[in-house]
Amino acid sequence: MMDRVRNLFVCWLCVCVAAGWGSALEAQAKTVVQIGLLDTFAPNFYIQNFAPLVLSLRSRYPQYQIQAFSLDPKRPLRSQFSSANSFIVMESGLALMHPELELEELATRRLTGEQDAAHSTGAVFIVRADSPYRELSQLKGAKAAAADAGDFSGWLVALGEIASIAPNPELFFSNVTFTHWSFPDVSDLVKIGSVDVGILHTCELEEAIRSGTIQATDFRILSEKSPTASGCKRSTELYPNAMFAAFPTAQADVVRNLTVAILTMAPAIDGSDWVTNNRLGAVRRLMKTLQMGPYAYLRDTSPQALLLRWKTPILMIVAGIVFLLLHALRVHMLLQRRTRQLRQEALLHEQAEEAVRQSQRKLDRMEKAGMAALMASMFSHEIKQPLTNVANFLNGILLMKKLHKENEQKEEEALQRAVTETYRAAEIIDRVRSATRRDPVRKVLVDLNEVAKQALQHSRCRRLASENIHTRFADHPVAVIGDALELEIVLVNFLNNAMDACGAKPQIAIRIFQAASEACAEVTDNGSGVSANRLSLLGRPLESSKPNGLGFGLAIADSIAEAHGGHLEFKNNAEGESGFCARLWLPLNDAPSDAPDNAK
Amino acid sequence: MNASSFLIRVVDDDCSVYDSLRFILEVGGWRTCWYATARDFLEKDDWRIPGALLLDVRMPGMTGVELQHEMQRRQIDLPIVFLSAHADVELAVTAVQNGADDFLIKPPHAEKLLASIAHACERLQNLRALKQEQEEMLRLWNKLNDGEKEVMGLVAKDFGNKEIANLLELKEDAVRSRRAIAFAKLDISNALQLSDFLHRKDQLNDQIAALKKARTS
């Protein structure tokens, strides 16, 4: 029936065109204005909107030769026009798909009751009343039917709605049947069940119900939203509908005239009129969602395209990373520098501390040396008093005899006093002795080899080159009982004496050996040796042959040896070699499991 | 020289040292007394009594050397013989340069000690005798007034009365009277005696100075 109506109008139009043709022959100078229609609208659009529009224009501007025709969507649109003054009526959304046409939008159709033209048309999802589908999301993988793949108000808008609940809307349905506006149409297919869901324009359903084509109760609408101003049901957002646009080649006068005419036209039968304030924001958003038209480039997911599209955020991220890296590098370098500084400071600090410790040790040693000298001085002063007195008394007696002034009583007194003074002297000596008495020797097991090694480290011999010093330790531990430190003092003393005795080419040897039940630590040197006279004086305090010596060294060594139950032995080397030999003899600890208290 | 007329002061903090020294000194015939500290000596001693000091170097409080300085300050002329337990060469040399008579090391040889004491006392005796003589001469001389001293000075130079009168712009009579008075005051009668007197006065200064410097060998 639709086709019949259409055919009727086409014929009628041809008649008009023919009539017009005649008048065109008369007036060849008339401006040719061509208006093309890209009909993707509801079937009534042509009759109710387009045709009246053309007629209205014609009657208004008889000076124009207005030609109106349908456009073939499969062919390039511009080529279908021959006049410069070309205008087109198409869906507002589709115009966005053809930015190359540089169309100038002049007016947009506004539906009845709507405030603006931007929300005119949308789509509805219909299912059979008895189908199990209640939600749009349940339709995943279902079969669908729509009028045309390029149908903006139908298919594309529906895709946009689906895009809001699922990615890749084009793959949402398992199968889509396009009816291309022919029989069976979408509602038929849904009714007979060959598809699960159908997509119609808004108001298409109401129109069909009004004309009796379908029963309202046959169908149910999914994802229903508030109805349009005209009362039609809808499932999607609303978008602008028809648009009247001019090609850039149209003359300004013509454009103005037509625009004025359209805007001032009386509303159509369905109550729609044309206004200028269209907003394409929603359309653009839809295009972007579906990645179509001007946003088709979004489909390009090749790396170059992605890079170009996201170049600003990518650049910022890269810059951020670079900044962080540089920062980390700088922090690292600062850290290195600081660590180095701290290490240097620590080193200096250590060195300073070491220096302090060394001077402290020096001070201690000086103090001790000073104390020894002081004690010696005090002792010598004290002891002189009684000795002086003894001398005086005895001298006095001698003098008396010499001067023949004998006096027995006085003599006796003097002798008594002299004796008393000698006791006093002995007392002083005792007192001094007790003040400097050594602590009893610690009795532990000691290896003489180890003692010798330590002594070498602590004596002045440590500075000798290896060819000057020879060590012959025993190949097994030589165990004695005693205090390792005190024994070390003895050997250090021997070694230092050897160093002092040697001249330019010192040869010092230290040897540890056993003989019978005794252990021996021996130090030999190649110095000048010691005269027989001095040999007998060795070990006696205050008889030092050294300029600053008190002669205590060997005396202390002697007392240590004695405290350990051993003794010292001194002799010159055998005939033929000059030099001296000093020996420390100690009793050997032959029972290794001896308790320390059982030392000999 | 009679030893018993002298007093030997022993200054030492150790009493037993005094006892033993006293023994020897008394054998040598000397009188002794003991002071435990230098201050005791300064406070209690009558230094007009001729004698000498046997002085220890190391004492608590004022040391021997300090006492020596103090005595010089107070012009106590008693000779000092130091007796020290230490053979400190520097100390000894300094002490003697500062006026000590001797520096002995304990224990001293008995004869050496007695000899040092004797020498010191003899020196003191001579010194004091000279000083006394000098004092007496000065007393006499200071009886003269300035004018008389002037005339005497010229008379000693063998000037005649007339010449003196000319030189001093006096009348010869005045000169003669001054001369007479001066002679009377000085208890002399002729110019020769005057010359001796003045000569002796000068000589005494030198002798005293020399004696002050004289030490034991």
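Reply: What follows describes the interface, then the chains on either side of it.

The model is a predicted one. The contact draws 23 residues from chain B and 21 residues from chain A. The size of an interface is often expressed as the accessible area lost when the parts come together. The area buried between chain B and chain A is about 1900 Å², and carbon and sulfur atoms give 59% of it. Three residues deserve attention here: B:S20, B:F23 and B:V27 supply 31% of the area that chain B buries against chain A, more than any other three residues.

Charged and polar pairs also join the chains. Between chain B and chain A the count is four salt bridges. A salt bridge links the side chains of A:R424 and B:D14, with 3.4 Å from N to O. Twelve residue pairs are found in polar contact across the interface of chain B and chain A, with both residues at pLDDT 80 or more. On the side of chain B that touches chain A, helices α1 (15-27) and α5 (110-141) of chain B each supply at least two residues. Of the elements of chain B, α1(B) gives the most to this side, with nine residues. Sorted by class, the side of chain B that touches chain A has eleven nonpolar, six polar and six charged residues.

A:N392 lies in helix α10 of chain A, which covers residues 311-402. Apart from its neighbours within four places in sequence, A:N392 is in contact with B:S20, B:L21, B:F23, B:I24 and B:P108.

The loop between α10 and α11 (408-435) of chain A holds A:E406. A:E406 has a relative accessible area of 48% and is therefore partly exposed. Its contacts, leaving aside neighbours within four places in sequence, are with A:M400, A:K401 and A:E411. A:H404 is also placed in the loop between α10 and α11 of chain A. The phi of A:H404 is positive, about 55°, although A:H404 is not a glycine. With a relative accessible area of 66%, A:H404 is exposed.

Chain A as a whole has 15 helices and 18 strands. Of its 600 residues, 39% are buried. Among the contacts in chain A with a separation of 6 or more, 75% join residues 24 or more positions apart. The largest nonpolar core has 45 residues, and those with the most contacts inside it are A:I88, A:F125, A:L139, A:F152 and A:F173. Several elements of chain A each supply at least two residues of this core, including β3 (86-91), β5 (123-128) and α8 (281-290). The element that gives the most to this core is α4(A), with seven residues. Another core, of 37 residues, lies apart from it and has A:C461, A:I469, A:I510 and A:L568 among its members.

Chain B has nine helices and five strands. Along the sequence, chain B follows the pattern β-α-β-α-β-α-β-α-β-α-α-α-α-α. Buried residues make up 45% of the 217 residues in chain B. Of the contacts in chain B with a separation of 6 or more, 67% are between residues 24 or more positions apart.

The peptide bond from B:K106 to B:P107 is cis, with omega near -10°. B:P107 lies in the loop between β5 (102-105) and α5 of chain B. Helix α4 (residues 89-97) of chain B is capped at its N-terminal end by B:D88, with a side-chain oxygen 3.3 Å from the backbone nitrogen of B:E90. After α4(B) comes B:G99, whose phi is positive, near 120°. B:Q75, a residue other than glycine, also has a positive phi, near 60°. The place of B:Q75 is in the loop between α3 (64-74) and β4 (80-84) of chain B. At 65% relative accessibility, B:Q75 counts as exposed.

Definitions and conventions
Residues numbered from 1 in each chain as written. Chains lettered and ligands numbered in written order. Predicted model: local features only at pLDDT ≥ 70, side-chain atom pairs only at ≥ 80, totals over all residues. Heavy atoms only, no water. Contact = heavy atoms within 4.5 Å. Buried area = accessible area lost by both parts, 1.4 Å probe. Polar contact = N/O pair within 3.5 Å; in protein donor to acceptor, adjacent residues only side chain to side chain. Helix = DSSP H or I, 4+ residues; strand = E, 2+ residues; numbered from the N terminus. Nonpolar A, V, L, I, M, F, W, Y, C, P; charged D, E, K, R; others polar. Core = buried A, V, L, I, M, F, W, Y, C linked by side-chain atoms within 4.5 Å. Buried < 20%, exposed > 50% of the residue type's maximum accessible area, 1.4 Å probe, protein only.
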